[in-house]
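These are my notes on the pairing of the two chains. Please read them beside the coordinates.

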2 protein chains.
Amino acid sequence: MSGWVAIAGLGPGDEALVTPEVQAALEAASDVIGYIPYVKRVAPRPGLTRHPSDNRVELDRALHALQLAAEGAKVVVVSSGDPGVFAMAAAVFEALEKHPEHLETEIRVLPGITAMLAAAARAGAPLGHDFCAINLSDNLKPWSQVEQRLRMAARGDFAMAFYNPRSRTRPYQFGEALEILREECGPERLITFARAVTTPEEQITTVTLAEATPEMADMRTVVILGNSATRRLGRYIYTPRSAL
Amino acid sequence: MSGWVAIAGLGPGDEALVTPEVQAALEAASDVIGYIPYVKRVAPRPGLTRHPSDNRVELDRALHALQLAAEGAKVVVVSSGDPGVFAMAAAVFEALEKHPEHLETEIRVLPGITAMLAAAARAGAPLGHDFCAINLSDNLKPWSQVEQRLRMAARGDFAMAFYNPRSRTRPYQFGEALEILREECGPERLITFARAVTTPEEQITTVTLAEATPEMADMRTVVILGNSATRRLGRYIYTPRSAL
């Protein structure tokens, strides 16, 4: 019995964005592990055990995957988007570091379409020049570090994509982030709110920083801030490749 | 006759990373336009005209796509990776801005697996925390801007992914970039060179900044620099989610 763990990205929601590589791993799996709504995206079939778990138990979930693989299971840990971007891949390696007895387990990371790139594609090409990806949640890092990163990214004139901008337990920080960005980038900078991208509930809204309010974002929203050259062009938002 | 333009990402090389959405667009296309090696990845078939073009003619190629669509063609502009990341999407919008007579053309951007995320997946999870994507080519921006972005990204303690680190016409800048990074991040910071990722020629090498040399990169290489917490764990490289 040789088990394995594949940490797979299901993309932002549309099944047409799931790669054939991920599809093949799901077809070969004996077990699927992940946050409830992501496990729900994998259809039940004979021979497949689904293990949905709640949010905020990433390390337990990761260890569970390693333990099942040690018993010979073929385990797919599912993330939305890309597993390497604010998702389960880092959590599995953290669990592995704490439990080095699993170091010889076969672990593969299978990339997926991450939310910011799906959102950028829907809006046009707002990330067409240098950009940063920042997780605005301060569950795992101090807010001072988020603030420092926002300021440095602004002073480098990066476009920025923000994950986890706002949740019920963190209602205030996104407002503070908007204040910092207005201070660093000015009121005219364009900001795009992409909610539930590629799903039937998709909503894409672009406003200036002056017009942006915290309520425009929730946990299903990825937010993209342009750089100083980002512009509107008809129904599109794009950042030119050239800064000359 | 209603033509359209789809700007599609073919991913880093492995056909198992081409999304079904992109596959469907290629099957519906009458014309495929792009850089020679990317157009070669699309199999010839009756009813499909392939238009390979050389590097550095992105704007001509983009205008050609818009003109063909205006004549009723169903045009797929192919990029490797994701078209929104240092690829053809921004070029098509630049061409559209110069030729607003095409503003009513149907244009869709179809995301793909971009090189840095495929490379990160192969290495482990080096981009598991906040990160930046920087194009090191100074063909379209002054080197001073690249330098400023490297310094700001380092001071924000971002992990970084570098596209186009080095080419025959730009042999020196990557060495300068490494000098700046050593100065800002210290000699022990981990750096991963991922060449021809997901192809049979794939090579993934991780060293410290002290050990890194410009010759480790070429135009088929994407380079990933860790943040201050990035570490080795067995054969993997990963950046923990937590900075606490």
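1. A:Cys132 has B:Cys132 as its bridge partner in S7(B). The strands concerned are S7 (residues 131-135) of chain A and S7 (residues 131-135) of chain B, which run antiparallel and are joined by three bridges.

2. On confidence: this is a predicted model. Chain A has an average pLDDT of 96, and 99% of its residues score at least 70. For the complex, the predictor reports an ipTM of 0.97 and a pTM of 0.97. Where pLDDT is low, predicted coordinates should not be read in detail.

3. How many residues of chain A are in contact with chain B? The count is 73, and they meet 73 residues of chain B. Between them, chain A and chain B bury about 5900 Å², with carbon and sulfur atoms contributing 62% of that area. On the chain A side, the residues that lose the most area to chain B are A:Leu140, A:Arg149 and A:Arg241, which together account for 13% of what that side buries.

4. Polar contact across the interface of chain A and chain B involves 29 residue pairs, both residues of each being at pLDDT 80 or more. Helix H4 (residues 88-98) of chain A supplies seven residues, the largest share of the side of chain A that touches chain B. By residue class, that side of chain A consists of 39 nonpolar, 17 polar and 17 charged residues.

5. Side chains of opposite charge can pair when their charged atoms come close. The rule gives 33 salt bridges over all chains, and it finds 12 across the interface of chain A and chain B. A:Arg149, already listed among the residues losing the most area to chain B, forms a salt bridge with B:Asp157, with the closest N and O atoms 3.9 Å apart.

6. Which residue of chain B forms a salt bridge with A:Glu58? The partner is B:Arg241, and the closest N and O atoms lie 4.0 Å apart. This pair crosses between chains: A:Glu58 belongs to helix H3 (residues 58-70) of chain A, whereas B:Arg241 is in the segment after strand S13 (236-238) of chain B.

Notes: Residues are numbered from 1 along each chain as its sequence is written. Chains are lettered from A and ligands numbered from 1 in the order in which they are written. Side-chain values use heavy atoms; hydrogens and water are left out. pLDDT is the predictor's confidence in each residue, from 0 to 100. Contact means heavy atoms within 4.5 Å. Buried area is the accessible area (1.4 Å probe) that two parts lose on being put together, summed over both. A salt bridge is a side-chain nitrogen of Lys or Arg within 4 Å of a carboxyl oxygen of Asp or Glu. A polar contact is a pair of N or O atoms within 3.5 Å; within protein, one must be able to donate a hydrogen and the other to accept it, and residues adjacent in sequence count only if both atoms are side-chain atoms. Helices (H or I, at least four residues) and strands (E, at least two) are DSSP runs, numbered from the N terminus. Ala, Val, Leu, Ile, Met, Phe, Trp, Tyr, Cys and Pro count as nonpolar, Asp, Glu, Lys and Arg as charged, and the others, Gly among them, as polar. Two strands pair if DSSP finds at least two bridges between them.
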